[in-house]
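Please keep the sequence and the model in view while reading.

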Amino acid sequence: MSATGRILKEFASLPERRPLRLLGASGQLGYGIPSPAFNAGLERKPDLIGCDMGSIDIGPYYLGSGNMATARESTKRDLRKVLVAARSHDIPLVIGSAGSAGAAPHLEQTLALVREIAHEQNLKFRLAFIPGDIPKDIVMEAVLAKGVTGIDGMPDLTADEIEASTHIVGQMGMTSFRQAFEADVDVLIAGRACDTAIFSTLPVMLGFPVGLAVHMAKIIECASLCCIPGGRDAILATLDDEGFTLESMAPQRRATPISVAAHSLYEQNDPFVIIEPEGRAELHQAKYEQIDERRTRISGATWLEAPRQTIKIEGARRVGERAALLCGAADPRFIERHEEILRDVSVVVRDLVCEDAPEDYSLFWRVYGINGVTDKLPDAPVPGEIFLLIECIAPTTARASEVMRTMKQYLLHFGYEGRLSTGGNLAFAFTPPEVSIGTAYRFNAYHIMETNRLEELFPLTVEDI
């Protein structure tokens, strides 16, 4: 019998439910799992180990390219740690949003590492995996049925954008995870997924209140980020029918009512609502009570079934090849007139590189110290030095590099009114200061799609390792 089968059988035989212990091992697997806290969590005999592995926060490149955001070796080290621990203790291991962005290439890379580890460690287990990719024809069908809505101002999804997407994924929820648990497995690895489904599915199957399970899951998927001071150490949630208790497994981190409640602002448009494919957790009546210096108990979340099922879809498309120029300036005259100088130099560059070719590139610049992160604040003092990140996106790597190299040379020696020295306007931390970064992508799908196919949209595969 598998780890999930064992725990389902155990709870079915109990006269009344015992508390369930869930260990959030990593908020983004592949960046390192601190061993002291993880081992302390294992000593508490958890019923499940869960790891979120991906996010949209990392930007469109990884979804578009199919590459993982984490290094292969650190990813393998984290996978080895949680896989060996789960099999040693015969408890389920659940991983969501495999390989950073959760598309087919990310899932395949993750599965390849898992099989490699299993071979090296002589592990035997029953593995389930669920791709998160949404076929383009299904997305197009939903668009034509007026069943796709943009999020946060995204324009309507068109046939051209769908076709141009290198990958389109959907965030699967508890429905898909439940099908895997029912297949009697030890390890579940999902493509792009709701981070809550990693931790909420098993409790819901065991009969715990859905609202509490989802609220708990939304917090512990980030490990100890909800604590003071926040961190990525493992966190333990103990769930019963009335609420759940949170405790970081790192002794220096404290889960307090304020720190846990504040985590409701994380990745949420509305801190009182957690929207999932199957419904929504309402937190308006949630209570946060301090048990002791390091633990907080949470209760009160409720669940409302969705009138129609939806999933969030994400897609990315190539926009060109990117090169960048990295440099600084400390001349107060240059800094004061930098906007005019950058505009003038961009015209010089255009006239030079477009003598025998069309203007087929785009230039962008960020001036850190003035407006690199936010719009320039009114009446802000002129800084003593600035850092310039100048970016070019062009059809080819060679074209982007040509534009950046020309930009560097003419910006370095550009003559402007009031300049005192012809020696140079810029400072370089290293050479070459212009670098080719690779293919640039943008999100072109960030939408809610209505569906009545949750049970079949994400097909399950089970494999004996």
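An open sheet of 10 strands runs in the order S12-S13-S9-S8-S1-S2-S3-S7-S4-S19, with mixed pairing. Strands (E, at least two residues) and helices (H or I, at least four) are DSSP runs numbered from the N terminus, and two strands pair if DSSP finds at least two bridges between them. From one strand to the next the twist averages 20 degrees, where axes are lines fitted to C-alpha atoms, for helices over the stretch in contact, and angles run from 0 to 180 degrees between N-to-C directions.

This is a predicted model, in which local features need pLDDT of at least 70 and side-chain atom pairs count only at pLDDT 80 or more, while totals for chains, interfaces and linings use all residues. Residues are numbered from 1 along each chain as its sequence is written, and side-chain values use heavy atoms, with hydrogens and water left out.

Within the sheet, strand S4 (residues 126–130) pairs with strand S7 (residues 187–190) in the parallel sense over 4 bridges. Ile130 has Ala190 of S7 as its bridge partner. Across S4, S7, strand S2 (48–52) and strand S3 (93–96) lies helix H8 (residues 174–182), which runs at about 160 degrees to S4.

Another strand, S15 (residues 310–329), contains Arg322. Arg322 is partly exposed, at 25% relative accessibility; buried means under 20% relative accessible area, exposed over 50%, and partly exposed in between (1.4 Å probe, protein chains only). The C-alpha atoms of Arg322 and Ala400 are separated by 6.1 Å, although the two residues are 78 apart along the chain. The side chain of Arg322 also makes a polar contact with that of Glu391 (2.5 Å); such a contact is a pair of N or O atoms within 3.5 Å, and within protein one must be able to donate a hydrogen and the other to accept it, with residues adjacent in sequence counting only if both atoms are side-chain atoms.

Aromatic pairs number 5 in the whole structure. Rings of Phe, Tyr and Trp (its six-membered ring) pair if their centres lie within 6.5 Å; planes under 30 degrees apart count as stacked, over 60 as edge-to-face and the rest as tilted. Tyr61 and Tyr62 are edge-to-face, because their ring centres are 5.1 Å apart and their planes stand at 85 degrees. Ring pairs link these two residues and Tyr441 into a cluster.

Conventions:
Contact means heavy atoms within 4.5 Å.
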